Amino acid sequence: MLRLEVRPQPSKGWGYASPLLALAITVVIGILLFAVLGKDPVRGLQVFFWEPIKSTYALSELMVKATPLLIIALGLAVCFRSNVWNIGAEGQYILGAIFAAGVALTADKTTGPWIVPAVLAAGVVGGMVWAGIVALLRDRFNANEILVSLMLVYVAIQVLNFLVYGPWKDPQGYNFPQTKTFEAVTQIPRLMDGSRVNVGLLLALAGVAAVWVFLFRTYAGYAQLVGGLAPAAARYAGFASRRALWTALLVSGGAAGLAGGLEVAGPIGQLTPYVPAGYGFAAIIVAFVGRLHPVGIVFSAILMSMFYIGGELAQSRMGLPKSITGVFQGLLLFALLACDTLIAYRLVWKK
């Protein structure tokens, strides 16, 4: 029978092959799922993997979805490599959107284009403030950052609801829970006419280069990596664990807040209760599928955005429920966790 046997050392090959095998397993299970639901499996795969890339417009929408996932996942990669488990990027994303909206709402007809950097900076500050609460509680009281960051997501949602149902509610919005539409001057500049892709994509790609340089080419990044891989060795080498904790959480929170600011001042154009789109949770999967490497995260962000768009199309064209997107995301994560077993273990046949 087949048994798992510990490898003498972790397999580098399976470190790269594991995400590909996990994707293949997800596709196979997806085919079976479509068949069980009485849907055409070929059509289902076409909706998820072909429709999002079949035209220039489809590719532009793919980039719109991939941008916040990429930005948030880059910040999470810094956290996870530092052995800091920030699970609350969704809350930091929401607070970034709130702070950015607060600045955008101050604009009027006389406001200059300087408001755009101010909106994005406010988003970064909002995310860092929310992540800073996690860092403070972990630093001062040794609170579990997983639980604290996760619970703060629901606090952030309630803060958002209070604002859009209360003081920030548009008085001319026919009683809908949303702010007024932001002034045109606050709109994030778009890269091309007829497309919703904006400069956030360029910021995300610049973030890929910045995170790669920080993690693999700087002393501070080396300290973060050592602190994550071997905390005892980091303390022996004189690296400050407190600094690593605060750096990881503030970078992660700032990235999530930036993504929130880009969303409300970009594609959405106002603050609504529907700002929480699950990007903060999906970015966790993106980070791990990308092996916590900036370049790998680019490809995994594109894949996850295909799941988002495919899920939306599956609702309208195949009559599938909205939860189909979450099903595919969950399948990919569990398949990846299972396949990662092959990095440290190998299958052997024993009679």
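A residue counts as buried when its relative accessible area is under 20%, and with that cut-off in mind, select Y279 in this predicted model: its relative accessible area is 4%, so Y279 is buried.

Y93 belongs to helix 4 (residues 89–104) and Y279 to helix 11 (residues 279–289), and the pair links distant parts of the chain, 186 residues apart. Both Y93 and Y279 are buried.

Next, select Y308, which has its ring centre 5.4 Å from that of Y279 and its plane at 70 degrees to it, so this pair is edge-to-face as well. Because Y279 lies in helix 11 and Y308 in helix 12 (residues 294–318), the pair ties together parts that are 29 residues apart in sequence. Y308, at 10% relative accessibility, counts as buried.

For another group of rings, select F34, F48, F49, F307 and F328, which ring pairs link into a cluster; the model has 12 aromatic pairs in total.

Now turn to the largest nonpolar core, which holds 88 residues, and colour I72, L271 and M304, the members that touch the most others in it.

Finally, centre the view on L271 and display its contacts beyond the neighbours within four places in sequence: A97, I98, A101, L160, V164, W168, Q178, T179, F182 and V264.

Conventions:
Residues numbered from 1 in each chain as written. Predicted model: local features only at pLDDT ≥ 70, side-chain atom pairs only at ≥ 80, totals over all residues. Heavy atoms only, no water. Core = buried A, V, L, I, M, F, W, Y, C linked by side-chain atoms within 4.5 Å. Buried < 20%, exposed > 50% of the residue type's maximum accessible area, 1.4 Å probe, protein only. Contact = heavy atoms within 4.5 Å. Phe/Tyr/Trp six-rings, centres within 6.5 Å; stacked < 30°, edge-to-face > 60°. Helix = DSSP H or I, 4+ residues; strand = E, 2+ residues; numbered from the N terminus.
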